[in-house]
Amino acid sequence: MEPLFVSINEAAKSLNLGRTSTYSLINEGKLETRKIGRRRLVTVASIRRLAGEQE
C-alpha cells in the first residue's frame, strides 16, 4: 500500500527541492498538508499534482 502522507523532508526530496522552497510551496497553497498529532505531513496527491503541472 502506498502512503497517503509524507514528511516535509520526504516531500522536499521527492520534488528535488530544499526545505525552505517546500515550505514556500506550502504557504502558497500549492502543497496540501495535514496535521497529525504534532507532525505536519504533506499529501502525496498534492505532490503528484504539483509535479504534473511542471511537465
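This report describes the sheet, the helices, the nonpolar core and the salt bridges of a predicted model.

Residues are numbered from 1 along each chain as its sequence is written, and side-chain values use heavy atoms, with hydrogens and water left out. Because the model is predicted, local features need a pLDDT of at least 70 and side-chain atom pairs count only at pLDDT 80 or more, while totals for chains, interfaces and linings use all residues.

## Sheet and helix packing

Helices (H or I, at least four residues) and strands (E, at least two) are DSSP runs, numbered from the N terminus. Three strands form an open sheet in the order β1-β3-β2, with antiparallel pairing; two strands are taken to pair if DSSP finds at least two bridges between them. Strands β1 (5-7) and β2 stand at the edges with a single partner strand each, so one side of each has no neighbour in the sheet. From one strand to the next, the twist averages 45°. Axes are lines fitted to C-alpha atoms, for helices over the stretch in contact, and angles run from 0 to 180 degrees between N-to-C directions.

Four antiparallel bridges pair β2 with β3 (residues 39-43). Thr-33 has Val-42 of β3 as its bridge partner, and Arg-34 stands opposite Leu-41 in β3. The two strands β2 and β3 form a hairpin with two residues between them, and Gly-37 in the turn has a positive phi of about 65°. Helix α1 lies across β1 and β3 and runs at about 95° to β1.

Helix α2 (residues 19-27) has Thr-22, Leu-25 and Ile-26 as its buried residues. They cover an arc of only 105° around the axis, which puts them on the same side of α2; the arc is that of the directions from the helix axis to the C-beta atoms. Buried means under 20% relative accessible area, exposed over 50%, and partly exposed in between (1.4 Å probe, protein chains only). The exposed residues Thr-20 and Asn-27 are carried by the face of α2 turned away from its buried side.

Tyr-23 also lies in α2 and is partly exposed, with a relative accessible area of 35%. Its C-alpha is 9.0 Å from that of Ala-12, a residue 11 places away in sequence.

In the loop between α1 and α2, Asn-16 has a positive phi of about 60° although it is not a glycine; Asn-16 is exposed, with a relative accessible area of 70%. Gly-29, which follows α2, has a positive phi near 85°.

## Nonpolar core

In soluble globular proteins, nonpolar side chains tend to be buried together. A nonpolar core is here a set of buried Ala, Val, Leu, Ile, Met, Phe, Trp, Tyr and Cys residues joined through side-chain atoms within 4.5 Å. The largest such core has 11 residues: Val-6, Ile-8, Ala-11, Leu-15, Leu-25, Ile-26, Leu-31, Val-42, Val-44, Ile-47 and Leu-50. Helices α1 (8-15), α2 and α3 (44-54) each supply at least two residues of this core.

Which residues does Leu-31 contact, leaving aside its neighbours within four places in sequence? They are Leu-15, Thr-22, Leu-25, Ile-26, Val-42, Ser-46, Ile-47 and Leu-50, where contact means heavy atoms within 4.5 Å.

## Salt bridges

A salt bridge is a side-chain nitrogen of Lys or Arg within 4 Å of a carboxyl oxygen of Asp or Glu. A search of the whole structure finds four, including those in the table.

| Glu-28 | Lys-30 | 3.5 Å |

Glu-32 lies in the loop between α2 and β2 (33-36) and Arg-49 in helix α3, so the pair ties together parts that are 17 residues apart in sequence. Salt bridges with shared partners join Glu-32, Arg-34 and Arg-49 into one network.
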